[in-house]
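Subject: Two-chain model, handover and notes

Hello,

Here is the model I promised to pass on. Please open it first; my notes follow below.

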Amino acid sequence: MPATQYISWFHDIGLVDRPKVGGKGGSLGELHSAGIDVPPGFVVRTEAFEWFIDALERRSPVRACVDGLAADELDGMAAVSRELRARIEDSPLPADLQQEIHDAYARLGGSGPPPAVAVRSSATTEDSADASFAGLQDTYLWVTQPDSLIGKIRSCWASLYSLESLSYRRRHGIAESTVAMAVVVQIMVDARTAGVMFTRSPVSGDRSVISIEGAWGLGSALVSGEVTPDHWVVAKITGEISARDISDKVIRHARSPAGGVEELAVEESMRREPCLSDEELQSLRAIGRQVERHYGRPQDIEWAIDRHTQRILLLQSRPETVWSNKDNQTAAARAADPLLHVMNVFGGRR
Amino acid sequence: MNAQLKPREFPLPSSVKIIAGTERAQAAYPYPIQFSQADDQKFWFYNSMHFPEPMSAFDMVTAEAAYCALGAANTRVHCLPTTLGIDHRIINGRVYIGGNAVTDPEEIVRRTAEFQKRAFYYYENWESLYAQWKQKMLKLIGDAQAMPEPALPEFEPLENVHAGRGIASNHDLLVTYQKTIEGYFRMWHHHFEFLLLGYGAYLTFFGFCKKAFPEITDQTIARMVAGMEAEIFRPDDELRRLARCAVELDVDTHFREGTSVDDIMRSLRESGESGRRWLEELQISRDPWFNINVGDGFYHYHRSWNDDLSMPFAALSGYARSVRAGEPLDRQVGRLRDERSQLIADYRELLANEEERAAYDQMIALAHRVFPYVEGHKFYCEHWYTNLFFNKIRSFGALLSAHGFFADAEDVFHLTHYELEAAIIDLMNSWSSGSEPRGATYWPPIVVERKAAIIEWARHETPPALGPIPDVIDDPAIVMLWGITRESLDNWLSAGEGTDSNEVRGFAASSGVVEGIARIVKSVEELSRLQQGDILVCHVTNPPWPPIFQKIRAAVSDIGGSMSHAAIVAREYGLPAVVGTGNATSKIKDGQRIRVDCGRGIVTLLH
């Protein structure tokens, strides 16, 4: 699958390409090259976004409208947001760009029918210190038509001009010329179970445990907080499962026949069943360790288990941010005389 | 003030009543270990870990000798900065102990300087001092083995007379008895020569791991430190060896369950060359490895495998079945050692920085250095030596019984060791004078009374602690050896509240979740009640129990921390175990179905 000016396949990219493929795209490429299973896909690079915006700029200014906004001028910002989003959503793509995307999409499906894909925005500022900004970007699930794919890519681009994104950039003084958006297009995982995994304790910061949360169906139900997930704590090294909280999982997200995602009631007999087997927990632990080793720091990972193949696939991995900012405490330092350490026990309270 | 906010308290020692009818049995214990009014000022707790059953008058010598040696090591030899020794008292046959903390900051500074001159020397020279220790112990054991059996001939042997020995055989009784008691006190000094320093070095590493990895389990830390070749595992290894040998010689069919030891031995002797060869192998294993008690060795009735072969033989049949089934029977020491190295390396990698890794390396190196003693000393002290000691006293019991002092040689254990010396001198005098010994009429009614008292004491619960609660338990000895902290005291105080809960919580000693029938085993004699697949629920589990591990599905104990020997051994054999529950034997009913979740340390009562 050849790369083009506007398209990069996961196996050709890594974290270093983030300026052009965004945080999500760079992470998926990196995971793929580290030997981790990720759903196959490609990235519509920032050059595509820039070319598209440049085409818009030629008709009337885009970036200048935003740069001119004051951070506290919310009414004006809302109007600019509405106008820019409408322009992005309504403008056709340059023909050769559209063709490249259609070609890549066709390749992704191979000889079969057009595949169901997830279309996920991958901003270049994503994975920066403020992870919450990443959350402002949009994701569209179960996209199955070439035309619909183009529409969703435009929607991702447009989401960069949402009121929240604009206001964030104005408050933080981020120049519009530095802002760009790549878009990830990847095969949709028809998830039996999906969830998140932290390769350290979110409660204590302990780097020797992995915290896993999961629920039936697509991960969107868990991420949006519509279902209380099952929760496990697994020792990273030994695999010992030290906490096992199985919750009543009332609903799940699944593919809607009408396109997109719908909420379904979980069958009564499945609600209180654990959504992962112990073997799967151990597989997740191994994957978590592998990813953490690859990056050299604790990770916050989204995963899903394919309903048909029962394979575990990673959808996202980013550095854990909450505890890493507090990591300046040392449990103990080298002692000039190693025996002095025993005074911690024999020396009484300090 | 809200009644619920009133601090709960333990009873004062002076408020604990001697159980009616046992007053004279209580009075037999010597004066320094009877509670006095002044003891109300001090905090005491019931040492149910070491003395879970009422003490017979003689067995009290274990408390006396052990605290004498522990206190000497802490107070005077190593000079622990924040603690002196431990006082002990006995009431209704129960041993209460209380530590003496050092709180004056200047005194702590002074003792710290002494401690570092003494303890650090031990840490630095650990291997050579420990090698020297083993020699001392083997010498002490050799001396005990060389002591003559107490006996009184009708006439002094002619060779003694002709040799001009100048002392008669009755004097030998006194010499042997006093040496026996002296040897036991000496053994306990050896026992504590390294113990606190060993535990302290281990706990230093333990504390570091808990700080660096707040959610790490105790058992994981223990697995990083535990050795695999300590003497305490050897008796069971020998059983496995004998099982393989029995299968090779095709004599394993003799070990049918329900067959008595005598019948097994007879049929082996009568089965020709192969039986003879197996019995030779048995002899090799017995000395010294069957010198292991079925209890922790603190009571005279914790008999050794050598004294009663039924326990090792019962295990042999199970092991032989495994050999026949082609199951691997060896503890895979090489694999265990590799796993330990990997575990240590993997946790090391997770540490935050190179400074932490350097500290980790320093602390685990010290923990590994001390651990052979922590695991290994028990075989020499609590098993081998203690076994010789109680058997020697038993010989005196037999001699006294032959001279009419007791109906049964075992009755000797109802005299204190002071009283026993008086009885021996009584016998010496009667042999000299030709009169009947006075003890023949004096002791029998007293023994009857004391036996009844033990039974009566065992029927009554005793408070877990007495006296005012200290704000903090900062005594490293108490924390290390008994796992007692302010939190555990609070748990004791709230025991019995919220009894609607059908859970019992303790320390996870090893992993696994199993369900089964609970079998409450309150004494060693009750071990035979265990059925295949039962879950053992007991007060304390002891190292020599591995042979029964093949019969049970899991073990739950009232007492013990994650570093207790029970926990170490359970991990070694992959037996799911929850230890230190506090009240499993009283809360769980015999025959009840329970679920033991060893990963979380929770026992659930099912119905």
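I start with a strand in chain B. Strand β2 of chain B, residues 83–91, is mostly covered, with seven of its nine residues buried. Please keep in mind that this is a predicted model.

β2(B) runs antiparallel to strand β3 of chain B, residues 94–101, and seven bridges join the two. One pairing to look at is B:H88, which stands opposite B:I97 in β3(B). The two strands form a hairpin with two residues between them. In that turn, B:N92 has a positive phi of about 55°.

**The sheet in chain A**

Chain A has an open sheet of six strands, in the order β9-β8-β7-β6-β12-β13. The pairing is antiparallel.

Now the pairs at the β9 end. Strand β8 of chain A (residues 230–235) and strand β9 of chain A (residues 241–245) pair in the antiparallel sense over four bridges. A:V233 stands opposite A:A243 in β9(A). The hairpin of β8(A) and β9(A) has five residues between the strands. A:G239 in this hairpin takes a positive phi near 80°.

A:G214 has A:D230 in β8(A) as its bridge partner.

**Domains of chain A**

Chain A is divided into domain 1 (7–187) and domain 2 (191–326). Their centres, taken over C-alpha atoms, are separated by 26 Å. The contact takes 13 residues from domain 1 of chain A and 18 residues from domain 2 of chain A. On the domain 1 side, α1 (18–33) and β4 (139–143) of chain A each supply at least two residues. α1(A) gives the most to that side, with three residues. By class, the domain 1 side has eight nonpolar, two polar and three charged residues.

**Between the chains**

How many residues of chain B are in contact with chain A? The count is 41 residues of chain B against 31 residues of chain A. Four helices of chain B each supply at least two residues of the side that touches chain A: α3 (105–124), α6 (169–212), α12 (333–350) and α13 (354–402). That side of chain B has 23 nonpolar, 11 polar and seven charged residues.

**Nonpolar cores**

The largest nonpolar core has 219 residues. The members that touch the most others are A:V44, A:V119, A:V183, A:W303, B:Y202, B:L316 and B:Y385. α13(B) gives the most to this core, with 20 residues. There is also a second, separate core of 26 residues. It includes B:L536, B:I552, B:A555 and B:A577.

**Backbone points to check**

Most residues other than glycine have a negative phi, and most peptide bonds are trans.

- A:W142 lies in strand β4 of chain A. Its phi is near 55°, a positive value in a residue other than glycine. A:W142 counts as buried because 21 C-beta neighbours lie inside 10 Å.
- A:Q310 lies in the loop between β12 (299–306) and β13 of chain A. Phi of A:Q310 is near 60°, again positive in a residue other than glycine. With 11 C-beta neighbours inside 10 Å, A:Q310 counts as exposed.
- The peptide bond from B:D287 to B:P288 is cis, with omega near 10°. B:P288 lies in helix α10 of chain B, residues 272–289.

**One loop residue**

Where is B:E229 found? It is in the loop between α7 (218–225) and α8 (234–248) of chain B. B:E229 is partly exposed, with 15 other C-beta atoms within 10 Å. The C-alpha atoms of B:E229 and B:E375 are separated by 9.1 Å, although the two residues are 146 residues apart along the chain.

Best wishes

Key:
Residues are numbered from 1 along each chain as its sequence is written. Chains are lettered from A and ligands numbered from 1 in the order in which they are written. This is a predicted model: local features need pLDDT of at least 70, side-chain atom pairs count only at pLDDT 80 or more; totals for chains, interfaces and linings use all residues. Two strands pair if DSSP finds at least two bridges between them. Two residues are in contact if their C-beta atoms, placed from the backbone, lie within 7 Å. Ala, Val, Leu, Ile, Met, Phe, Trp, Tyr, Cys and Pro count as nonpolar, Asp, Glu, Lys and Arg as charged, and the others, Gly among them, as polar. A nonpolar core is a set of buried Ala, Val, Leu, Ile, Met, Phe, Trp, Tyr and Cys residues joined through C-beta atoms within 7 Å. A residue is buried if 20 or more other C-beta atoms lie within 10 Å of its own, exposed if 12 or fewer, and partly exposed in between; C-beta atoms are placed from the backbone. Domain bounds come from an automatic or database domain assignment.
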